[in-house]
Amino acid sequence: MNPSVKKELDILIRLQETETRAQELRAAIKDVEMRQLQLEEVLNSERLQLEERESALMKLKKQYTGFEEDLRYNEERLKKSEQTLRTVTNNRDYQVLLREMDDNRKANSRIQEAMVALIDELTSMEISVTEIQGRVDEEARRVEEQKAELLTSCTRERDSLASLEEERRSLGNLASARLMKLFDQAIRLGGGIGVSCVRGNICKGCFMKLPPQFCIELQRGNEISRCPRCNRIVYWDDI
Ligand SMILES: [Zn+2]
């Protein structure tokens, strides 16, 4: 084999190794980021549920306060009516006032019934809000722990990726601009695998059987060759 071709091939093979490893790391980092997002999504949906319950609880409380106000207002009116009753001389006015007071008392008892029912609803809503709040707090703690763990593993992968990029730069310094261009193009066209071995006349990039004459030339190694099927840079693997 031509020694300069051998040297170039060695660089190309090592470049491909760094590229493959870098792709794995990038995928792993992306996976971690996705998992973080999923964790946050679960927590957010629970927080949303909590907010909905809290606003429902607030509405019920407002309704209850409204009933209290109505009750006070009616009681005031009753008191005033009782005072007026003492001063009424006309029988017709007296009867009208009595009816009005009766209506007021009936209204108040309806309000009180509604308040009793509302108290039950309020109590169970308060219990439910406390339960969800507890669950959200616990979930938030768990998410924080998991995110910290993910961040640690991600840091390791980011460090490895940085050293691979450094390695690629040093390999790039060893190679000619022509060779790097060839490699980059092969990587792009080969969907991340630009350099592949040929074993038993089969290109391991596209898994196609290659013509015997091509394989003979490849074994001679007088030049950098590309697979006639997939166009990847290929080398003869005699292991
Ligand atoms: Zn091929």
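**Exercise 1.** How far apart do the C-alpha centres of domain 1 and domain 2 lie?

*Solution.* Start with the bounds. This is a predicted model, and the domain assignment gives domain 1 as 15-175 and domain 2 as 176-239. Now take the C-alpha centres of the two domains: they lie 60 Å apart.

**Exercise 2.** How many residues of domain 1 are in contact with domain 2, and which element gives the most to that side?

*Solution.* Count each side. Domain 1 brings six residues, and they are in contact with eight residues of domain 2. Next, find the main contributor on the domain 1 side: H1 gives the most, with four residues. Last, sort the residues of that side by type: two are nonpolar, three polar and one charged.

**Exercise 3.** Which residues have the most contacts inside the largest nonpolar core?

*Solution.* The largest nonpolar core has 15 residues. Those with the most contacts inside it are Leu12, Phe183, Val198, Ile233 and Val234. Then ask where core residues come from. At least two are supplied by each of helix H1 (3-87), helix H3 (177-189), strand E1 (195-199) and strand E4 (233-236). Now look at Val234. Beyond its neighbours within four places in sequence, Val234 is in contact with residues including Ser196, Cys197, Val198 and Leu218.

Terms used:
Residues numbered from 1 in each chain as written. Predicted model: local features only at pLDDT ≥ 70, side-chain atom pairs only at ≥ 80, totals over all residues. Core = buried A, V, L, I, M, F, W, Y, C linked by C-beta atoms within 7 Å. Buried ≥ 20, exposed ≤ 12 C-beta atoms within 10 Å, placed from the backbone. Contact = placed C-beta atoms within 7 Å. Domains from an automatic or database assignment. Nonpolar A, V, L, I, M, F, W, Y, C, P; charged D, E, K, R; others polar.
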